[in-house]
Amino acid sequence: INYQSTTFLTSAPDIRALPADEGIEVAFAGRSNAGKSSALNTLTRQNSLARTSKTPGRTQLINTFSLDNARRLIDLPGYGFAKVPLTVKEKWQKSLAEYLMKRSSLKGLVVLMDIRHPLKDLDQDLIHWAVESKLSVLILLTKADKLGPGARKKIVLDVREASLAFMGDIQVQAFSSLSKLGLPELEQTLDQWFGA
Ligand code: GDP
C-alpha cells in the first residue's frame, strides 16, 4: 500500500459518527504524548496529517483517514491526561471498548507507547479489550532513538515476554519517527492487516 496517498476523511465527535462500517480499518491509540501523531505523519510522509498539538481536557475528535475507498486509518484520541475528570475518562473508556468490540471493519489496533514507559495501566486495558475482540495488536515502542541499541533491544524483548500474558495476536516493535527505525516493519504489518 502506498501510505503517502493517505488523505483526511472526517473528524468524528464520537464512535457513532464514524464513516460506514465497511471495508477494512486499522486504529492507532496511545497515551497522550506517546508519539502517535508523529508516527502517523511518518507513515504517510506528511508533516501535518495528524495534528501534534492538543489541549489536555478538551474534547478530542476521532480523526479518520482514507488510504483508498476500502481502507481507513483511525486516529483515536490520546488517553491518560491527569486533568481529565473521571466521568469523562469513564465515558471515553466505555465508548472505546464498544468501538473495539462492535466495529466489524476494524482489523487491527496499533498501540503506541513511549519505549521508556511501556505498558501503563490504560495501555494494558486497551490491549485486553482488543484481544477479547479478536483484533490483531501491534505494540509500537516509540521514540526508540532515545535509547541505545542494547537498552532498546532489552525493552523490546521484555515487552514481548510481558505481552504473552494477554494470550492474543500481539507483535512488538521499536519505532522512531525521528530515525524511521521500525517504519518498514510497521508498513509490513499494516499491509498484512489490510490484505494488500
Ligand atoms: P501524540 O500526543 O501521541 O500525538 O504525540 P506527538 O506525536 O505529538 O509527540 C509527542 C512529543 O514527542 C513531541 O514533542 C514529539 O516531537 C516527540 N516525539 C514523537 N516521536 C518521536 C520520536 O520518534 N523521537 C523523539 N526523540 N521524539 C519524538
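This is a predicted model: local features need pLDDT of at least 70, side-chain atom pairs count only at pLDDT 80 or more; totals for chains, interfaces and linings use all residues.
Start at valine 110, which stands opposite leucine 138 in strand β6. Strand β6 covers residues 136-142. Its partner here is β5, and the two strands pair in the parallel sense over seven bridges.

Now look at β5 itself. The strand spans residues 106-114. Eight of its nine residues are buried, so β5 is largely enclosed by the rest of the structure. A residue counts as buried if 20 or more other C-beta atoms lie within 10 Å of its own.

Strand β5 also pairs with β2, residues 24-30. Six bridges join β2 to β5, and they run parallel. To find this contact, pick valine 26: its bridge partner in β5 is glycine 108.

Next, follow the chain from β5 to β6. Helix α3, residues 121-132, belongs to this stretch. Together β5, α3 and β6 make a β-α-β unit, and the unit is right-handed.

Strand β7 holds residues 170-174. β6 and β7 pair in the parallel sense, over five bridges. In β7, valine 172 is the bridge partner of isoleucine 139. The chain gets from β6 to β7 through helix α4, residues 149-163. This β-α-β crossover is right-handed.

How many residues of β7 are buried? Four of the five are, and the strand is mostly covered.

Technical notes. Residues are numbered from 1 along each chain as its sequence is written. A residue is buried if 20 or more other C-beta atoms lie within 10 Å of its own, exposed if 12 or fewer, and partly exposed in between; C-beta atoms are placed from the backbone. Two strands pair if DSSP finds at least two bridges between them. A crossover is right-handed if, with the strands pointing away from the viewer, the path from the first strand over the helix to the second runs clockwise.
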